[in-house]
Amino acid sequence: MRLARLLYVGWAFNLKSLTLSGFFIIVSIISPVIFASIAYLMFRAGARPGSLLFVAIGAGMMGIWSSVLFGGGGAIAWQRWQGTLEYCIAVPPPFIWVVLPLTIATATIGLYSLTATLVWGWLFFDVPFELAHPAWFAVALPVSVLALGLLGLVLASTFVLYRHANALSNLLEYPIWLVTGLLTGLALLPGWTRPLSWVLAPTWGVKALREAAIGGDPAFAVAMCLVLGAAYLVIGHFCLGYFERLAREKATLTLA
Amino acid sequence: MTVSLRIFFIGGLTAYRALINWLSPWIFVPTLVVAPIFQILLFVYIGRNAGVQSDEFFVVGNAVQYASIPCLFSMTNAIAGERSQQTLMYILVTPAGRLPLFLGRALPVIANAMFVAAFSLFVSGALLHIDVPFSAWGPIALVIFVSTFSCTGLGLICAGIALRVRETAVLNNIIFGLLLIFTGANVDIDELPGWMQAISERVPLTHGIQAARQVANGAPLGDVRGLLATEAVIGVAYTIVGYLLLRFLERESRKRASVQIA
């Protein structure tokens, strides 16, 4: 019960805090809308128009990934800059339960992206919003957010060892958009990228949402999100433990 | 005259080195070397998926468009960075001429942006087997120079706004995103609605990208001189507006005693 309360309060606090950040609003709303607009225009002009709903969901997931990448990747570094990292580590609950709500909050902020791209597409590009499986969509959405939030935990615990975490975030934004086929689809990508896409939650998250919205069977993709989320939790647990021990041994907790 | 030249060249370079933290290879390589190549690959694959345009269209367009990252962010930082380091007031009380002081900071920005655009074009072209004739690289360099100069003018306007606005990263990210749409880097200008085409004709990089595409296809420089001249005129106009805006906001900051605060 205490753990549930800690997770909820941490999530709600960080969600409000991130909502006040202009940078996050840009990352999660304006940037995906811009990419969605370009993609709508490209698909409209192209020889294979495809489904604009496919584009809207992909662009929304791009925003969720960006939000997780910058928010999750910089989670521990922010605490360090704000001078609150020592308190986060010194409190009785394990450090992972303090960081986890923060990374899940960054993924939740990404929901603004999905909402923005769907509304934008509906208003200006006549994108229909009719769900093939509404119940599955309602399941796929929180499961995808959870999986990406847990991936954020892995980023938080590994990026902290790199002083310029923001640069690493810049580096990983486009490649993951590309490899997970958010706007391109996976079929066109070279075969060697497939295994990479399989271990990344955005691949399965966007697949689950698309199959729930456009048609198909999203059950496998939802299950993959859950399996990957569990794996990320285990990896994040060990990485955070390693970071904490290293920082305590070397007395470098507040130093980059 | 000598003093002005010293301020322009040495002062500009010193300020650039002091204020632009991405000169560290740990930031420069991921942000300005690797990221543009993946931006190009992303749009190439979206284009293939949508069945629109050729790979070359996206490679050339995005390589030149990505020059806007150093142009916008460096130029803004070269002015606003003084404020965050608490040195802006010392700069503004000096008797140094404002023209060499502000414009001198633009020169290293242009050089950096040219490198970013040319490197992205070369590497992504090689990756995607885009055949750019060897003889075209000279004219392409000139096109990139004019385009980066033009976009640096826009960066100067952002630097002026940065004297009043705190969230400069947000501002620059929005402008970068808008340039992705309006410059025609990814969507042919003719495919845009009329009101968007009207804006496209007036923003930096649009004509530069068109010229770069033609030159990469083997057109002689003479064929694109009109596009280059238009790009240069747009650059001069933006630079003048940016300079005047900086002077105006400097005076306003003095009046309001807000030089060090946004």
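Biologist: Hi! How many residues of H4(B) are buried?

Modeller: Helix H4 of chain B is mostly covered, with 16 of its 17 residues buried. A residue is buried if 20 or more other C-beta atoms, placed from the backbone, lie within 10 Å of its own, exposed if 12 or fewer do, and partly exposed in between. Helices are DSSP runs of H or I with at least four residues, numbered from the N terminus. This is a predicted model, where local features need pLDDT of at least 70, side-chain atom pairs count only at pLDDT 80 or more, and totals for chains, interfaces and linings use all residues. Residues are numbered from 1 along each chain as its sequence is written, with chains lettered from A and ligands numbered from 1 in the order in which they are written.

Biologist: And how far does H4(B) reach from end to end?

Modeller: It covers residues 68–84 and reaches 23 Å from its first C-alpha to its last, close to the expected 24 Å. The expected span is 1.5 Å times one less than the number of residues.

Biologist: Where is the kink in H4(B) centred?

Modeller: On Ala78(B), with a kink of about 45°. The bend is the angle between axes fitted to the seven residues ending at a residue and the seven starting there. Just after the helix, Gln86(B) takes a positive phi of about 65°.

Biologist: Which other non-glycine residues have a positive phi?

Modeller: Among them are Asp126(A), at about 55°, and Gln53(B), at about 60°. Most residues other than glycine have a negative phi.

Biologist: Where do those two sit, and is each buried or exposed?

Modeller: Asp126(A) is in the loop between H7 and H8 of chain A, and counts as exposed because it has 10 other C-beta atoms within 10 Å. Gln53(B) is in the loop between H2 and H3 of chain B, and is buried because it has 20 C-beta neighbours inside 10 Å.

Biologist: What about H3(B), what covers its buried residues?

Modeller: The cover includes H2, H4, H7, H8, H9 and H11 of chain B. Eleven of the twelve residues of H3(B) are buried, including Asp55(B), Phe58(B) and Asn62(B).

Biologist: Phe58(B), okay. How far is Leu42(B) from Phe58(B)?

Modeller: They are 9.3 Å apart, C-alpha to C-alpha, and 16 residues apart in sequence. Leu42(B) is in helix H2 of chain B, and it is buried because it has 23 C-beta neighbours inside 10 Å.

Biologist: Which residues does Leu42(B) contact?

Modeller: Leaving aside neighbours within four places in sequence, Tyr174(A), Trp177(A) and Leu178(A). In contact here is C-beta atoms, placed from the backbone, within 7 Å.

Biologist: Last one: how confident is the prediction for chain A?

Modeller: Its mean pLDDT, the predictor's confidence in each residue from 0 to 100, is 87, and 95% of its residues reach 70 or more. Among the elements of chain A, H4(A) has the lowest mean, 80, and H11(A) the highest, 95.

Key
Contact = placed C-beta atoms within 7 Å.
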